[in-house]
There are 2 protein chains.
Amino acid sequence: MTFSEENYLKTIFHLTAFSDQEVSTNAIAEMMATKASSVTDMLKKLAEKDLVHYKKYQGVSLTANGRLLAKMIVRKHRLWEVFLVEKLDFPWDEVHDIAEQLEHIKSEKLINKLDNFLGNPTEDPHGDPIPDAYGKIIKTEKLLLSELGFNQSGICVGVKDSSKEFLKYLDKNQIALGTQIEILTKEDFDFSLKIKVDEKEVTISNKIANNLFVKLV
Amino acid sequence: MTFSEENYLKTIFHLTAFSDQEVSTNAIAEMMATKASSVTDMLKKLAEKDLVHYKKYQGVSLTANGRLLAKMIVRKHRLWEVFLVEKLDFPWDEVHDIAEQLEHIKSEKLINKLDNFLGNPTEDPHGDPIPDAYGKIIKTEKLLLSELGFNQSGICVGVKDSSKEFLKYLDKNQIALGTQIEILTKEDFDFSLKIKVDEKEVTISNKIANNLFVKLV
DNA sequence: ATAATTTTTTAGCTTTGTCTAAAAAGCGTC
DNA sequence: GACGCTTTTTAGACAAAGCTAAAAAATTAT
C-alpha cells in the first residue's frame, strides 16, 4: 500500500466512524484538500483491491478488509502520538503532524513492540481510543462539557476538535486530560459557561464546551 | 526533499566516505540496485539543487550542502537504530530495514528530542558513529580483527559488513559489541584464525576476521 | 415533468522516478 | 591516432497521483 492509499483509507474510516453511511466523493475531497476527480481515481483503485465498496455516483464505504487496514493506520498514528508525548515530551498540539508521517512506517513487529514499550495504552494524548493489534476499539462513554448541567462536575477525558489552536487555548487555560471542571453558571443568550478549573473561575464560549469531552464525576 | 533524493544523497555519502573521490554513475546504480540511466537523471536534479558537483561523464561528489543533508539522514538512521535496539529490544540484525523507513521522517525537533531521550549516543548498534546535530562525526580508531597478531586481544567495537547474515553468524557465536577476543593461532594457508571468546575456542575464517572491528586492549 | 443546479466522472495533461534501447563519450591497446 | 570496449548519457515510454475542463448523472426547483 502506498502512503496515498493509506491516507484515503484513513479519511474514509474517520468520515464513516459515526454516521456509518456511505461517504461522498466531495466529502473525501474536502477533508483531504484535494479535487473530486482525484478522489474518483483513487476510489477505483481501492475498489480494485477490495478495500472499499464503490459504485459510481453512489458514494463509498470500507470493506471488512479496508476497515481493518484503516484501523491499523489509526493504531499506529495514536501509538506514535503517545510515544511523542510520554517519552519525548512533546506538547500535545505538536504531535499530530509528526504522527501523520510515522503512521506509514511498515512493520507489524515494530508497532507491537512500541505498544508494549508504552505499556499498552488504550487512549492517545487527545483521549481518542487506540485500536489493539486485532483492530478492537474500546470506547469509553464520554459526553460533551456542554451537556452538563449546573453544579455538575466532569473530568476532562478528550477533545473533539484536536486542532493546534484549540489545544493551545486549553493549555493557556490550564485544561488538560484529567482536569476536573465544574459548571457554575450557563448564559442563556450565547450559551457561554462559567466554570471552575483548579479553584479558578473561567468563562468559556459554547464552542469550547462543545469540543471538550468529559466523564461525569 | 523526496525519499528518493535522500536515498541518493545517502548512497553518495557512503560511497565517498573513505575514498573521498568522485563516485561513478555505475557505482551508485549498483549500490541502489537501479539503472545507470535513472542515476544520471537524478544527478542532474541534485546538481540543479546544488547538492552535488556533477559534470557529465566525470562522476559526482557532494557539495558542502549535500554532505550536511546526507549526514542528517545518517544521523536519523543510526539514532532510530539505537532506539529500536535499546528501547524496543530488537535484535541488531533486524533494525536496518525499519531504520531505512524512519530515516525519512521530517522533523528536526523530533530527532533532537530522540537523541536526548537515548542519552546522546555516539555510536549505533553496529558500532558506526552517529553525527551530532551539526553533522560532526567522532570516529574512534579501530582496526580489523584480521590485523591483530598472535596473543593480542581486542574488544569488538563494530562490524564492517552489517548484513543480516553476518550479524546472525556473530550472534550464533556469541560475539557482540563489547565482547573480548584473543587471537590464538593464525593458519598460513587460508588465514583462518583460532580465537578465544568467553573462555571458548572458536575457529573463524579470514572473511569473518576482515569484517569485525576491534579496539586493542 | 422539465429545467436548473450540484455532484461525480471522464478525458487528457503534468510531474516524479523509473525503465529500455540507442547514441555519445572516454579509455586502453596497438 | 584509430579501433574496439566500457561507461555514461539521451530519447522516448510507462505507472502513480495529482490537476483542469468538459461531459454525464443525480438531485432540486419550478
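These are questions and answers about contacts within and between the chains of a predicted model.

Student: What makes A:Lys109 and B:Glu94 a salt bridge?

Tutor: The rule asks for a side-chain nitrogen of Lys or Arg within 4 Å of a carboxyl oxygen of Asp or Glu. The N to O distance between A:Lys109 and B:Glu94 is 2.7 Å. That is within the cut-off, so the pair is called a salt bridge.

Student: How many salt bridges are counted between chain B and chain A?

Tutor: The count is 2. Under a separate rule, 8 residue pairs are in polar contact across the interface of chain B and chain A.

Student: Which helices of chain B supply residues to the side that touches chain A?

Tutor: Helix H4 (64–87), helix H5 (95–102) and helix H6 (108–117) of chain B each supply at least two residues. H6(B) gives the most, with 5 residues.

Student: What is the make-up by class of the side of chain B that touches chain A?

Tutor: There are 12 nonpolar, 3 polar and 6 charged residues.

Student: How many residues of each chain are in contact?

Tutor: The contact joins 21 residues of chain B to 21 residues of chain A. Here a residue counts when heavy atoms lie within 4.5 Å.

Student: Why is an area used to describe an interface?

Tutor: The size of an interface is often given as the accessible area lost when the parts come together.

Student: Into which domains is chain A divided?

Tutor: Chain A has domain 1 (3–62), domain 2 (67–129) and domain 3 (143–216). The C-alpha centres of domain 1 and domain 2 of chain A are 23 Å apart. Their contact takes 9 residues from domain 1 of chain A and 11 residues from domain 2 of chain A.

Student: What area is buried between domain 1 and domain 2 of chain A?

Tutor: The value is about 1,000 Å², with 63% given by carbon and sulfur atoms. A:Glu6, A:Lys10 and A:Phe13 supply 51% of the area that domain 1 of chain A buries against domain 2 of chain A, more than any other three residues.

Student: How do you know that A:Glu103 and A:Lys10 form a salt bridge?

Tutor: The closest N and O atoms of A:Glu103 and A:Lys10 are 2.7 Å apart. The limit is 4 Å, so the pair meets the rule. The interface of domain 1 and domain 2 of chain A has 3 salt bridges. Helix H1 (residues 3–16) of chain A gives the most to the side of domain 1 that touches domain 2, with 7 residues.

Student: What does UniProt list for residues 1–63 of chain A?

Tutor: An unreviewed UniProt entry lists them as "domain: HTH dtxR-type". In the model this span is 56% helix and 10% strand, and its end C-alpha atoms lie 16 Å apart.

Student: Where does B:Asn173 lie, and what is it in contact with beyond its neighbours in sequence?

Tutor: B:Asn173 is in the loop between helix H7 (164–172) and strand S5 (180–186) of chain B. Leaving aside neighbours within four places in sequence, B:Asn173 is in contact with B:Val197 and B:Val202.

Conventions:
Residues numbered from 1 in each chain as written. Chains lettered and ligands numbered in written order. Predicted model: local features only at pLDDT ≥ 70, side-chain atom pairs only at ≥ 80, totals over all residues. Heavy atoms only, no water. Polar contact = N/O pair within 3.5 Å; in protein donor to acceptor, adjacent residues only side chain to side chain. Helix = DSSP H or I, 4+ residues; strand = E, 2+ residues; numbered from the N terminus. Nonpolar A, V, L, I, M, F, W, Y, C, P; charged D, E, K, R; others polar. Domains from an automatic or database assignment. Buried area = accessible area lost by both parts, 1.4 Å probe. UniProt positions renumbered as here; feature names shortened; annotations may be inferred.
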